[in-house]
Amino acid sequence: MDESLRALLDELYRDGLRHDQAQADRLARRRNLEPDAAELLWVIIRAMAARNVVEVGTSNGYSTIWLADAVRPGGGRVLSVDLDGQAQRLAAENLAAAGLSQVVELRTADGGAVLAELPDGGCDVLFLDSERPEYPKWWPHPLRVLRPGGLLAVDNVLSHPDEVAPLLEIIEAEPALTATVVPVGKGELLAVKSVS
Ligand SMILES: C[S@@+](CC[C@H](N)C(=O)[O-])C[C@H]1O[C@@H](n2cnc3c(N)ncnc32)[C@H](O)[C@@H]1O
């Protein structure tokens, strides 16, 4: 990654930590992805040569910048969805500062509703980073939208095991997915969709 972009991301992350420490309301915090988890997703996206990435949970665009930089060389695109229009306005500013506005579509909407409307098999990588208890209600769309060989990534599986347990049960029972949990950041679940 370009050094100046990495410096911008590091500053955004530090600013997010300062912001969140002063914010009593959990839902008003930025809750940015940890840098090591973001870096892991970046490497995987580059290795897959992913071109269509969907993110649920934009916040102020910290993780979106990582995803967008990862798909940029291959001419890929990121669709990032968040219910919070104010957060997405901040994300738009941060993406502009990163020079990545053209790579990302920001959509102010419910993640589950957007996933339900996406076509079958068009998504290389789906990253879920919103309210964990909602994910099971969204099934089977997270699986349906992935292409064969596509990747589902879910954050917070080690930090919030009780909240993600119902989703993990669904994934474990799903023959089309093979999953592992990587202990970076707050714990990333990575599940690959079978090719046949
Ligand atoms: C943990 S933060 C996302 C952090 C972001 N990925 C980053 O690393 O900067 C969770 C975000 O999910 C959003 N959110 C919560 N429920 C949602 C839903 N049903 N659909 C879309 N976004 C949702 C919240 O508004 C919040 O901005």
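Reader: Is Ser59 buried or exposed?
Author: This is a predicted model. In it, Ser59 has 24 other C-beta atoms within 10 Å. A residue is buried if 20 or more lie within that distance, so Ser59 counts as buried.

Reader: And where is Ser59 found?
Author: Ser59 lies in the loop between strand S1 (52-56) and helix H3. Its phi is near 50 degrees, which is a positive value in a residue other than glycine.

Reader: What about Arg31, buried or exposed?
Author: Arg31 counts as buried, because it has 20 C-beta neighbours inside 10 Å. Arg31 is not a glycine either, and it has a positive phi of about 50 degrees. It belongs to the loop between helix H1 (3-21) and helix H2 (35-48).

Reader: Changing topic: how many residues surround the ligand?
Author: There are 22, and the closest are Leu33, Gly57, Tyr62, Ser63 and Gly111. Helix H3 (62-71), strand S2 (77-82) and helix H5 (111-117) each give two or more residues to this shell.

Reader: Which classes are those residues in?
Author: The shell has six nonpolar, eight polar and eight charged residues.

Reader: What joins Trp139 and Pro140?
Author: A cis peptide bond, with omega about 10 degrees. Pro140 sits in the loop between helix H6 (135-138) and helix H7 (141-144).

Reader: Last one: in which sense do S6 and S7 pair?
Author: Strand S6 (residues 177-182) and strand S7 (residues 188-193) are antiparallel, with six bridges. Val181 has Leu189 in S7 as its bridge partner. Five residues lie between the strands of this hairpin, where Gly185 has a positive phi near 55 degrees.

Key
Residues are numbered from 1 along each chain as its sequence is written. This is a predicted model: local features need pLDDT of at least 70, side-chain atom pairs count only at pLDDT 80 or more; totals for chains, interfaces and linings use all residues. A residue is near a molecule or strand if its C-beta atom, placed from the backbone, lies within 6 Å of it. Helices (H or I, at least four residues) and strands (E, at least two) are DSSP runs, numbered from the N terminus. Ala, Val, Leu, Ile, Met, Phe, Trp, Tyr, Cys and Pro count as nonpolar, Asp, Glu, Lys and Arg as charged, and the others, Gly among them, as polar. Two strands pair if DSSP finds at least two bridges between them. A residue is buried if 20 or more other C-beta atoms lie within 10 Å of its own, exposed if 12 or fewer, and partly exposed in between; C-beta atoms are placed from the backbone.
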